[in-house]
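Take the two-chain interface as the starting point. Then follow the rings.

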Amino acid sequence: MIDWAHFTPWASLSGGVLIGVASALFILLHGRILGISGILGGLLPPKANDATWRITFLLGLFAAPFVFSALAPAGYMQMPRIDASYTMLIVAGLMVGIGTRYGSGCTSGHGVCGLSRLSLRSLIATGTFMVAGFATVYMIRHIL
Amino acid sequence: MQRFSEFMVGLIFGVGLILSGMTDPAKVIGFLDLFGQWDPSLALVMGGAIAVGIFSFALAKKRTVNFFGGALHLPKNDHIDKRLIIGALLFGAGWGIAGYCPGPALVSMASGQAEGITFVAAMLVGMIVYELAQRTIHKPRMTD
(Lines give C-alpha, C1' and ligand atoms only; values in the text may rest on other atoms or scores of the structure.)
Protein backbone atom coordinates (compact mmCIF):
# COMPACT_ATOMS: atom_id res chain seq x y z
CA MET A 1 0.00 0.00 0.00
CA ILE A 2 1.34 3.40 -0.91
CA ASP A 3 1.05 6.01 1.81
CA TRP A 4 -0.26 8.88 -0.37
CA ALA A 5 -1.02 11.05 2.68
CA HIS A 6 2.67 11.43 3.51
CA PHE A 7 3.95 11.40 -0.09
CA THR A 8 5.84 14.66 -0.84
CA PRO A 9 7.03 14.27 -4.43
CA TRP A 10 7.97 17.88 -5.19
CA ALA A 11 9.71 18.72 -1.92
CA SER A 12 11.61 15.42 -2.02
CA LEU A 13 12.57 15.78 -5.67
CA SER A 14 13.75 19.39 -5.20
CA GLY A 15 15.62 18.48 -2.03
CA GLY A 16 17.24 15.63 -3.97
CA VAL A 17 18.28 18.02 -6.75
CA LEU A 18 19.91 20.32 -4.15
CA ILE A 19 21.77 17.30 -2.72
CA GLY A 20 22.92 16.46 -6.26
CA VAL A 21 24.01 20.06 -6.88
CA ALA A 22 26.03 20.08 -3.65
CA SER A 23 27.70 16.77 -4.59
CA ALA A 24 28.46 18.12 -8.08
CA LEU A 25 29.98 21.32 -6.70
CA PHE A 26 32.07 19.42 -4.19
CA ILE A 27 33.71 17.10 -6.73
CA LEU A 28 34.16 19.74 -9.47
CA LEU A 29 35.19 22.70 -7.31
CA HIS A 30 37.00 20.93 -4.49
CA GLY A 31 37.81 17.52 -5.94
CA ARG A 32 36.16 15.73 -3.02
CA ILE A 33 33.47 13.08 -2.70
CA LEU A 34 30.58 14.46 -0.66
CA GLY A 35 30.27 11.57 1.76
CA ILE A 36 29.29 12.56 5.27
CA SER A 37 30.64 9.53 7.14
CA GLY A 38 34.01 9.89 5.38
CA ILE A 39 34.21 13.66 5.91
CA LEU A 40 33.39 13.27 9.60
CA GLY A 41 35.44 10.11 10.17
CA GLY A 42 38.50 11.83 8.66
CA LEU A 43 38.45 14.18 11.65
CA LEU A 44 38.81 11.32 14.13
CA PRO A 45 41.56 12.26 14.73
CA PRO A 46 42.17 15.40 12.61
CA LYS A 47 45.25 15.19 10.35
CA ALA A 48 47.50 18.09 9.37
CA ASN A 49 46.43 19.82 6.11
CA ASP A 50 43.37 17.61 5.85
CA ALA A 51 41.05 19.05 8.50
CA THR A 52 40.09 22.56 7.39
CA TRP A 53 37.96 21.63 4.36
CA ARG A 54 36.10 19.06 6.47
CA ILE A 55 35.38 21.62 9.19
CA THR A 56 34.23 24.42 6.86
CA PHE A 57 31.93 21.99 5.04
CA LEU A 58 30.44 20.73 8.32
CA LEU A 59 29.91 24.30 9.58
CA GLY A 60 27.85 24.95 6.45
CA LEU A 61 25.86 21.80 7.13
CA PHE A 62 25.25 22.91 10.73
CA ALA A 63 24.00 26.29 9.50
CA ALA A 64 21.37 24.62 7.29
CA PRO A 65 18.51 24.31 9.83
CA PHE A 66 18.82 28.01 10.73
CA VAL A 67 18.95 29.16 7.10
CA PHE A 68 16.08 26.82 6.19
CA SER A 69 13.77 28.07 8.92
CA ALA A 70 14.61 31.69 7.99
CA LEU A 71 13.75 31.08 4.32
CA ALA A 72 10.79 28.71 4.65
CA PRO A 73 7.28 30.19 4.77
CA ALA A 74 5.77 30.40 8.26
CA GLY A 75 4.33 27.08 9.36
CA TYR A 76 6.20 25.10 6.70
CA MET A 77 8.69 23.58 9.11
CA GLN A 78 7.30 20.39 10.58
CA MET A 79 8.65 18.96 13.77
CA PRO A 80 10.46 15.73 12.99
CA ARG A 81 8.81 12.65 14.52
CA ILE A 82 11.11 10.20 16.28
CA ASP A 83 9.70 6.88 17.46
CA ALA A 84 12.93 5.27 18.68
CA SER A 85 13.66 5.32 22.42
CA TYR A 86 16.91 6.84 23.69
CA THR A 87 18.34 3.36 24.23
CA MET A 88 17.55 2.42 20.64
CA LEU A 89 18.95 5.73 19.36
CA ILE A 90 22.26 4.91 21.08
CA VAL A 91 22.31 1.34 19.73
CA ALA A 92 21.50 2.63 16.23
CA GLY A 93 24.08 5.43 16.46
CA LEU A 94 26.83 2.96 17.37
CA MET A 95 25.84 0.67 14.48
CA VAL A 96 25.77 3.56 12.00
CA GLY A 97 29.12 4.89 13.25
CA ILE A 98 30.93 1.53 13.02
CA GLY A 99 29.09 0.33 9.90
CA THR A 100 29.67 3.43 7.77
CA ARG A 101 33.39 3.49 8.58
CA TYR A 102 33.83 -0.26 8.10
CA GLY A 103 31.91 -0.17 4.81
CA SER A 104 33.59 3.11 3.72
CA GLY A 105 30.45 5.14 3.17
CA CYS A 106 26.81 5.96 3.81
CA THR A 107 23.80 7.24 1.91
CA SER A 108 25.67 10.27 0.52
CA GLY A 109 29.05 8.73 -0.37
CA HIS A 110 27.87 5.35 -1.71
CA GLY A 111 24.21 6.16 -2.41
CA VAL A 112 24.46 9.50 -4.20
CA CYS A 113 28.09 9.96 -5.29
CA GLY A 114 28.89 6.28 -5.82
CA LEU A 115 25.82 5.57 -7.94
CA SER A 116 26.37 8.82 -9.88
CA ARG A 117 29.89 7.78 -10.83
CA LEU A 118 28.55 4.32 -11.78
CA SER A 119 30.63 2.43 -9.22
CA LEU A 120 29.70 -1.24 -8.89
CA ARG A 121 31.20 -1.27 -5.38
CA SER A 122 28.88 1.55 -4.28
CA LEU A 123 25.91 -0.05 -6.03
CA ILE A 124 26.46 -3.22 -4.00
CA ALA A 125 26.93 -1.21 -0.78
CA THR A 126 23.75 0.81 -1.46
CA GLY A 127 21.72 -2.30 -2.30
CA THR A 128 22.99 -3.96 0.87
CA PHE A 129 22.19 -1.13 3.28
CA MET A 130 18.78 -0.56 1.67
CA VAL A 131 17.87 -4.23 2.04
CA ALA A 132 19.15 -4.19 5.64
CA GLY A 133 17.02 -1.09 6.29
CA PHE A 134 13.90 -2.66 4.74
CA ALA A 135 14.43 -5.88 6.71
CA THR A 136 15.00 -4.06 10.00
CA VAL A 137 11.88 -1.92 9.66
CA TYR A 138 9.90 -5.00 8.63
CA MET A 139 11.02 -6.81 11.78
CA ILE A 140 10.35 -3.85 14.08
CA ARG A 141 6.99 -2.91 12.58
CA HIS A 142 5.49 -6.21 11.56
CA ILE A 143 7.12 -9.02 13.54
CA LEU A 144 8.29 -7.80 16.96
CA MET B 1 37.19 31.93 -1.31
CA GLN B 2 37.78 28.19 -1.21
CA ARG B 3 36.74 28.07 2.45
CA PHE B 4 33.59 30.07 1.74
CA SER B 5 32.71 27.75 -1.12
CA GLU B 6 33.10 24.65 1.09
CA PHE B 7 30.81 26.26 3.64
CA MET B 8 28.20 27.01 0.94
CA VAL B 9 28.30 23.45 -0.38
CA GLY B 10 27.66 22.16 3.15
CA LEU B 11 24.80 24.61 3.49
CA ILE B 12 23.18 23.65 0.16
CA PHE B 13 23.53 19.97 1.03
CA GLY B 14 21.93 20.52 4.46
CA VAL B 15 19.04 22.57 3.07
CA GLY B 16 18.50 19.80 0.50
CA LEU B 17 18.34 17.20 3.28
CA ILE B 18 15.74 19.19 5.22
CA LEU B 19 13.61 20.06 2.18
CA SER B 20 13.65 16.45 0.98
CA GLY B 21 12.36 15.05 4.28
CA MET B 22 15.52 13.09 5.13
CA THR B 23 15.83 14.83 8.51
CA ASP B 24 12.47 13.44 9.66
CA PRO B 25 13.12 9.92 10.99
CA ALA B 26 9.43 8.97 10.70
CA LYS B 27 9.54 9.80 6.99
CA VAL B 28 12.71 7.77 6.49
CA ILE B 29 11.13 4.80 8.26
CA GLY B 30 7.97 5.32 6.18
CA PHE B 31 10.17 4.82 3.11
CA LEU B 32 11.91 1.77 4.59
CA ASP B 33 8.53 0.24 5.52
CA LEU B 34 8.20 -1.37 2.11
CA PHE B 35 5.61 -3.91 3.26
CA GLY B 36 3.49 -1.52 5.32
CA GLN B 37 2.11 1.91 4.43
CA TRP B 38 4.94 2.78 2.03
CA ASP B 39 5.95 6.43 1.48
CA PRO B 40 8.00 6.45 -1.76
CA SER B 41 9.18 10.08 -1.37
CA LEU B 42 12.78 9.23 -0.58
CA ALA B 43 13.19 7.35 -3.85
CA LEU B 44 12.68 10.75 -5.49
CA VAL B 45 15.43 12.25 -3.30
CA MET B 46 17.84 9.64 -4.60
CA GLY B 47 16.54 10.05 -8.17
CA GLY B 48 16.83 13.85 -8.10
CA ALA B 49 20.33 13.75 -6.64
CA ILE B 50 21.62 11.14 -9.08
CA ALA B 51 20.04 12.90 -12.07
CA VAL B 52 22.33 15.86 -11.32
CA GLY B 53 25.24 13.79 -10.03
CA ILE B 54 25.59 11.53 -13.05
CA PHE B 55 26.54 14.44 -15.35
CA SER B 56 28.90 16.04 -12.87
CA PHE B 57 30.80 12.81 -12.24
CA ALA B 58 31.02 12.10 -15.98
CA LEU B 59 32.62 15.54 -16.28
CA ALA B 60 34.83 15.02 -13.22
CA LYS B 61 36.21 11.77 -14.67
CA LYS B 62 37.49 13.69 -17.71
CA ARG B 63 39.32 16.25 -15.59
CA THR B 64 42.57 15.95 -13.71
CA VAL B 65 42.36 18.98 -11.43
CA ASN B 66 39.53 20.65 -9.54
CA PHE B 67 38.32 24.21 -10.13
CA PHE B 68 40.77 25.62 -7.60
CA GLY B 69 43.66 23.78 -9.26
CA GLY B 70 44.02 21.10 -6.58
CA ALA B 71 43.78 17.34 -6.86
CA LEU B 72 40.59 15.57 -7.86
CA HIS B 73 40.12 12.74 -5.38
CA LEU B 74 38.03 10.14 -7.20
CA PRO B 75 37.90 6.81 -5.36
CA LYS B 76 40.14 4.14 -6.87
CA ASN B 77 39.03 1.24 -4.72
CA ASP B 78 36.63 -1.01 -6.65
CA HIS B 79 37.08 -4.00 -4.39
CA ILE B 80 33.93 -5.77 -3.26
CA ASP B 81 34.82 -7.49 -0.03
CA LYS B 82 33.49 -8.63 3.32
CA ARG B 83 34.18 -5.24 4.90
CA LEU B 84 31.92 -3.48 2.41
CA ILE B 85 29.04 -5.92 2.94
CA ILE B 86 29.28 -6.22 6.73
CA GLY B 87 29.67 -2.45 7.09
CA ALA B 88 26.66 -1.77 4.86
CA LEU B 89 24.53 -4.36 6.72
CA LEU B 90 25.36 -2.77 10.09
CA PHE B 91 24.72 0.70 8.75
CA GLY B 92 21.42 -0.26 7.11
CA ALA B 93 20.13 -1.95 10.27
CA GLY B 94 21.05 1.09 12.40
CA TRP B 95 19.41 3.36 9.81
CA GLY B 96 16.23 1.28 10.02
CA ILE B 97 16.14 1.34 13.83
CA ALA B 98 16.48 5.11 14.27
CA GLY B 99 15.66 6.59 10.87
CA TYR B 100 18.85 8.66 10.89
CA CYS B 101 21.75 8.39 8.50
CA PRO B 102 24.89 10.47 9.19
CA GLY B 103 24.05 13.70 7.27
CA PRO B 104 20.50 14.22 8.60
CA ALA B 105 21.69 13.23 12.09
CA LEU B 106 24.27 16.04 12.03
CA VAL B 107 21.63 18.53 10.85
CA SER B 108 19.26 17.45 13.65
CA MET B 109 22.07 17.78 16.18
CA ALA B 110 22.84 21.30 14.94
CA SER B 111 19.20 22.30 15.33
CA GLY B 112 19.50 21.39 19.00
CA GLN B 113 17.21 18.37 18.99
CA ALA B 114 17.98 16.05 21.92
CA GLU B 115 17.40 12.86 19.89
CA GLY B 116 19.78 14.05 17.16
CA ILE B 117 22.44 14.96 19.73
CA THR B 118 22.12 11.53 21.38
CA PHE B 119 22.35 9.69 18.07
CA VAL B 120 25.38 11.71 16.88
CA ALA B 121 27.20 11.19 20.19
CA ALA B 122 26.74 7.41 19.84
CA MET B 123 27.71 7.56 16.16
CA LEU B 124 30.96 9.39 16.99
CA VAL B 125 31.73 6.77 19.66
CA GLY B 126 31.13 4.10 17.00
CA MET B 127 33.51 5.83 14.59
CA ILE B 128 36.19 6.14 17.29
CA VAL B 129 35.75 2.47 18.23
CA TYR B 130 36.30 1.64 14.56
CA GLU B 131 39.49 3.77 14.43
CA LEU B 132 40.89 2.19 17.59
CA ALA B 133 40.04 -1.31 16.39
CA GLN B 134 41.80 -0.63 13.08
CA ARG B 135 44.93 0.42 14.89
CA THR B 136 44.94 -2.61 17.15
CA ILE B 137 44.39 -5.03 14.32
CA HIS B 138 46.97 -3.30 12.08
CA LYS B 139 45.23 -4.25 8.91
CA PRO B 140 45.86 -1.99 5.93
CA ARG B 141 42.90 0.31 5.54
CA MET B 142 40.97 0.46 2.34
CA THR B 143 39.09 3.69 2.01
CA ASP B 144 37.02 5.15 -0.75
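A salt bridge is a side-chain nitrogen of Lys or Arg within 4 Å of a carboxyl oxygen of Asp or Glu. Glu131(B) forms one with Arg101(A), and their closest N and O atoms are 3.4 Å apart. Between chain A and chain B the count is 3 salt bridges.

This is a predicted model, in which local features need pLDDT of at least 70, side-chain atom pairs count only at pLDDT 80 or more, and totals for chains, interfaces and linings use all residues. Residues are numbered from 1 along each chain as its sequence is written, chains are lettered from A and ligands numbered from 1 in the order in which they are written, and side-chain values use heavy atoms, with hydrogens and water left out.

Now the interface as a whole. In chain A, 103 residues are in contact (heavy atoms within 4.5 Å) with 107 residues of chain B. The two chains bury about 9,900 Å² between them, 76% of it on carbon and sulfur atoms. Buried area here is the accessible area (1.4 Å probe) that two parts lose on being put together, summed over both. Tyr102(A), Arg117(A) and Arg121(A) supply 8% of the area that chain A buries against chain B, more than any other three residues.

Polar contacts come next. A polar contact is a pair of N or O atoms within 3.5 Å; within protein, one must be able to donate a hydrogen and the other to accept it, and residues adjacent in sequence count only if both atoms are side-chain atoms. Across the interface of chain A and chain B, 21 residue pairs meet this rule, both residues at pLDDT 80 or more.

Which helix of chain A gives the most to the side that touches chain B? Helix 1 of chain A does, with 20 residues. Helices are DSSP runs (H or I, at least four residues), numbered from the N terminus.

Finally, the rings. Rings of Phe, Tyr and Trp (its six-membered ring) pair if their centres lie within 6.5 Å; planes under 30 degrees apart count as stacked, over 60 as edge-to-face and the rest as tilted. The whole structure holds 13 aromatic pairs over all chains. Phe129(A) and Trp95(B) are edge-to-face, 5.9 Å centre to centre with 85° between the planes. Phe129(A) lies in helix 6 of chain A and Trp95(B) in helix 4 (residues 82–98) of chain B, so the pair joins two chains. Phe26(A), Trp53(A), Phe57(A) and Phe13(B) form one aromatic cluster.
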